[in-house]
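Student: I am new to this structure, and I would like to go through it slowly with you, one question at a time. Could we begin in a strand and work outwards from there?

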Amino acid sequence: MSIKVSGLTKYFGKQKAVNNVSFEIKKGEIVGFLGPNGAGKTTTMKMLTGILEASEGQAEILGLDFQNQKAEIKKQVGYLAEANPLYTDMYIEEFLSFVANVHKIENKKEAVQLAIERTGLIPERNKKIHQLSKGFRQRVGLAQAIIHDPQVLILDEPVSGLDPNQLIDIRALIKELSQSKTIVFSTHILQEVQALCDRVLIINKGELVADDQIENITRTALEKYRMQIETKAAIKLDALKTAVSGLKVIDKKHQKYILSWNGNISKREEIFQFLVAQGHVIYEMKMEQNTVEDVFQKLTQ
Amino acid sequence: MISVYLKEINSFFSSLVGYIVVAIFLVLLGLIMWVFPDFSILEYNFASLNQLFIIAPLVFMFLIPAVTMRSFSEEYQAGTLDLLRTKPITENQIVLAKFFANLSLVLFALIPTLLYYYTVYELGSPRGNLDTGAIIGSYIGLILLAACFVAIGLFASSLSKNQIVAFLLAAFLCFFFYWAFFYLSKLPIFYGRVDDIIQKIGIDYHYESISRGLVDSRDIIYFITIIFTFLWACKVMITEFRVR
């Protein structure tokens, strides 16, 4: 087990920022940590990196606990903070070799070189950090997080504020890193989760509201189906509703309809049979996927 | 710890801070000791470095806070303290590394003043007619005093993410611990009763005692206590009551 969290709680004064959160993450998994702003994502991640101490509950990383083996944990965890703090008046290589020094890496030059190569910083390597664009700064942030070859990577909003090209680059980089490491990353951009991870943790107001594979979450959280239909002639909607119970018509434009129902996916067959019996010419009949957006909104309302 | 120390030293000399501090310190001391007729050694006609050891604490009182003010304030501001905190390095090591880095810069500024010693030594009549013991004591005193001011400055810097606030607080605390107790002891409620104890709380009492060339273990213990108290408070500030 790479990360094991049980009953993690954090108070700031009287305010509960994180409330009794428990989850486990296996080795090699890439997990998205999702939630609206202020839900407690960053606080949880800070507790997993040892920046903050938990008020209650336990967190273990690679079987090491924070009370006694904090130093050991720090060697095994790489962290990219939300604001990506860096010493901006340093040169990239200077900064990375400083980080390598702090980690007491033996083969320092090689480690710096490797981090620069892996994060695609080679064209900018002789610049000072404050001269870099946001995308390249993010790469420097990632480079300092992976320089000591940690087994666990914790990335707080690694793609926020990047332009679409940078976003694709960083996403590819994270994907590549995930082959050899356990990764937890937080985001409120839902496409990111769909693009990158196997599993989602959704947190809202400090509480874990969902922990599952993406497909499962989208299916079970809503149990709602939507279908788009286009026919040649207008459908008699009243007749359709009586023939197939529990249908709702969400939208109607000319001969295009959007229907929805709860419960069973097999209703699409009944709809088809009804249309055929009525002699309709069907141009299009398509199930709409529930998006993570829908789930997210429902779970975090 | 050494890596953070070297990083701090580098940042002094890769920005202008290091050079400006050394330059201002030396120009100011040089002017007062050799040029301004009211204080000048050349007009004074005695072979001593008294001026140096009277003026240097005053210069340190605003120069050291100017050096230390960025130590933690800047890290709070940029969020880089969290970066350090995720690395395998303890808060104690961070505070000590910054303490020694700042102290090194001050000592670096102090080294060229050895030239003044040599000059006065040569100018003495007869040559070398100079109380070397007192001067060695004074240098030890000055180094300990600088270390106190650095510790105070680091503590002030750990209180705020605003560098100006850190500077003003540090300058005030340095002034207060250096001077205020001597004058407070003159208040009627203390005078004649506990004024000697009040005076002993101040840094100047111990500094002057060492300056006489009398390196007393009580004075050394006093300085070390002050330094460790402020460094400890600084460590508590950055761990417990961190500025967000």
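Student: Which residue in strand 13 of chain A stands opposite Asp251(A)?

Tutor: Please keep in mind that we are reading a predicted model. Strand 12 of chain A and strand 13 (residues 256-262) of chain A pair in the antiparallel sense over 5 bridges, and in strand 13 of chain A Lys256(A) stands opposite Lys253(A). Further along this pairing, the residue opposite Asp251(A) is Ile258(A).

Student: What is the bridge partner of Glu230(A) in strand 13 of chain A?

Tutor: Strand 13 of chain A also pairs with strand 11 (residues 224-231) of chain A, in the antiparallel sense and over 7 bridges. In strand 13 of chain A, the bridge partner of Glu230(A) is Lys256(A).

Student: In what order do the 4 strands of this open sheet of chain A stand?

Tutor: The 4 strands are paired in the antiparallel sense, and their order is 12-13-11-14. Strand 12 (248-253) and strand 14 (282-288) of chain A each have a single partner strand, so one side of each is left without a neighbour in the sheet. The twist from one strand to the next averages 15°, and the strands at the edges are therefore strand 12 and strand 14 of chain A.

Student: Which residues make up the covered face of strand 13 of chain A?

Tutor: In a regular strand, side chains alternate between the two faces of the sheet. The uncovered face of strand 13 of chain A holds Lys256(A), Ile258(A), Ser260(A) and Asn262(A), while the covered face is made of Tyr257(A), Leu259(A) and Trp261(A).

Student: Why do the buried residues of helix 4 of chain A lie on the same side of the helix?

Tutor: The buried residues of helix 4 (residues 108-118) of chain A are Ala111(A), Val112(A), Ala115(A) and Ile116(A). They lie on the same side because they cover an arc of only 130° around the axis. On the other side of helix 4 of chain A, Lys109(A), Glu110(A) and Glu117(A) are exposed, whereas what covers the buried residues includes helix 3 and helix 5 (134-146) of chain A.

Student: Which residue of strand 2 of chain A stands opposite Ile3(A)?

Tutor: Strand 1 (residues 3-12) of chain A and strand 2 (residues 15-25) of chain A pair in the antiparallel sense over 7 bridges. Their hairpin has 2 residues between the strands, and in it Gly13(A) takes a positive phi near 65°. The residue of strand 2 of chain A that stands opposite Ile3(A) is Ile25(A).

Student: How many residues of chain A are in contact with chain B, and which elements give two or more residues to that side?

Tutor: On the side of chain A, 16 residues are in contact with 16 residues of chain B. Those of chain A divide into 9 nonpolar, 4 polar and 3 charged. The elements that give two or more residues to this side are helix 2 (70-76) and helix 3 (92-102) of chain A.

Student: Which element of chain B has the highest mean pLDDT?

Tutor: Chain B averages a pLDDT of 88, and 98% of its residues score at least 70. Among the elements of chain B, the lowest mean, 78, belongs to helix 3 (residues 41-44), and the highest, 93, to helix 7 (residues 91-110) of chain B.

Notes:
Residues are numbered from 1 along each chain as its sequence is written. Chains are lettered from A and ligands numbered from 1 in the order in which they are written. This is a predicted model: local features need pLDDT of at least 70, side-chain atom pairs count only at pLDDT 80 or more; totals for chains, interfaces and linings use all residues. Two strands pair if DSSP finds at least two bridges between them. Axes are lines fitted to C-alpha atoms, for helices over the stretch in contact, and angles run from 0 to 180 degrees between N-to-C directions. pLDDT is the predictor's confidence in each residue, from 0 to 100. A residue is buried if 20 or more other C-beta atoms lie within 10 Å of its own, exposed if 12 or fewer, and partly exposed in between; C-beta atoms are placed from the backbone. Two residues are in contact if their C-beta atoms, placed from the backbone, lie within 7 Å. Ala, Val, Leu, Ile, Met, Phe, Trp, Tyr, Cys and Pro count as nonpolar, Asp, Glu, Lys and Arg as charged, and the others, Gly among them, as polar. The arc is that of the directions from the helix axis to the C-beta atoms.
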